[in-house]
Amino acid sequence: MAEEQRIRRSGIDSSIRTAAVWQVVAASTRRQQEELGRPLRVLDLGGGSGGFAVPLAKAGHDVLVVEPSPDALASLSRRAGEAGVSERVHGRQGDSGTLTDLVEEPVDLVCCHGVLEYVDDPGATIGALRDVLAPRGVVSLLVAQRLAAVLSRALAGQFDAARTALVSADGRWGEDDPLPRRFDVEQIHERLVTSGLTPVSTQGVRVFTDLVPSASLDSEADRASLLALEQAVAERSAAAFLGRLGAGLHVLAVRAD
């Protein structure tokens, strides 16, 4: 229920699960647009049905969504049409291995949310993102974070699974884990730097959202309060240690050259 319930904030319909990420991305795009003096060219890799692409297009940016699923691309087309931004949202079937063929000119912003967990080679994917970025371009990277899995398994009484998630190389708790891998902050930063990208903003997201029982989110006031708590944790350096427990890790990185 927490994932499905949506509240209106900052002019867009934001789910609790993505609102903190959207806030950072929106602020970054505003800064870039002011610096460049024009709307941005955006690539959304694995952008699905346009949860970020459509709001970015509504803000005036030109967005290319590269997505392997034809069903998701069909949903993207409908969603963009309903929002009146079809002319600014362009869907292409593909993946990180086809970016050089699909991206015709360097982009100012890349969104890569919930993708690195599933690709064969996360390092190669980050390198491909860097290659299509313009100088001073920004990557918004959202990945699953290890310690959240450790905590959730422990709270469920699955102590062996929690320990496995903590010590395993891929952050999985066992063979029945639905995710192929999870990441630590240090791993992501190292991969970004190796690919020629400089991390400039790092925050843990969904610190509480995935742990709160759905019965606690029956009202809009409850959901708004939870969102405010998540954003307060994300915005305060004194609470940064709690971000390590977030289900997601959101990093902005810049191409230096």
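Start by selecting Ser195: leaving out residues up to four places away in sequence, Ser195 touches Gly123, Ile126, Gly127 and Arg130. Touching, or contact, means heavy atoms within 4.5 Å. You are looking at a predicted model, where local features need pLDDT of at least 70, side-chain atom pairs count only at pLDDT 80 or more, and totals for chains, interfaces and linings use all residues. Residues are numbered from 1 along each chain as its sequence is written, and side-chain values use heavy atoms, with hydrogens and water left out.

**Stop 1: around Ser195**

Stay on Ser195 and colour by secondary structure: this serine is in the loop between helix H8 (185-194) and S8. Helices (H or I, at least four residues) and strands (E, at least two) are DSSP runs, numbered from the N terminus. Ser195 counts as buried because its relative accessibility is 16%; buried means under 20% relative accessible area, exposed over 50%, and partly exposed in between (1.4 Å probe, protein chains only). Ser195 and Ala124 are 71 residues apart in sequence, yet their C-alpha atoms are 8.5 Å apart in space.

**Stop 2: helix H5**

Next, select residues 122-132, which make up helix H5. H5 lies across strand S3 (41-45), S6, S7, S8 and strand S9 (248-255), and runs at about 150° to S7. For such angles, axes are lines fitted to C-alpha atoms (for helices, over the stretch in contact), and the angles run from 0 to 180 degrees between N-to-C directions.

Show the side chain of Thr125, which is in H5. Is Thr125 buried or exposed? Thr125 is buried, with a relative accessible area of 2%. Setting aside neighbours within four places in sequence, Thr125 is in contact with Leu45, Ser96, Leu116 and Val119.

**Stop 3: the sheet**

What is left to trace includes an open sheet of 7 strands, in the order S5-S4-S3-S6-S7-S9-S8, with mixed pairing. Two strands pair if DSSP finds at least two bridges between them. Strand S5 (89-93) and strand S8 (197-205) each have a single partner strand, so one side of each has no neighbour in the sheet. On average, neighbouring strands here are turned by 15° against each other, direction ignored.

Pick S3 now: 4 of its 5 residues are buried. S3 runs parallel to strand S4 (residues 62-67), and 5 bridges join the two.

Then move to strand S6 (residues 107-113) and strand S7 (residues 133-144), a parallel pair with 6 bridges. Which residue of S7 is the bridge partner of Cys111? Select Ser140 and you have found it.

**Stop 4**

While in strand S7, click Arg136. Most residues other than glycine have a negative phi. The phi of Arg136, however, is positive, near 70°. Arg136 is also exposed, with a relative accessible area of 55%.

For the other arginine, select Arg153 together with Trp173: Arg153 lies over the face of Trp173, at 4.1 Å from the ring centre. A charge sits over a ring if NZ of Lys or CZ of Arg is within 6 Å of the ring centre and within 35 degrees of the ring normal.

**Last stop: zoom out**

Show the whole protein chain, with its 10 helices and 9 strands. Of its 257 residues, 48% are buried. Among contacts with a separation of 6 or more, 72% are between residues 24 or more positions apart.
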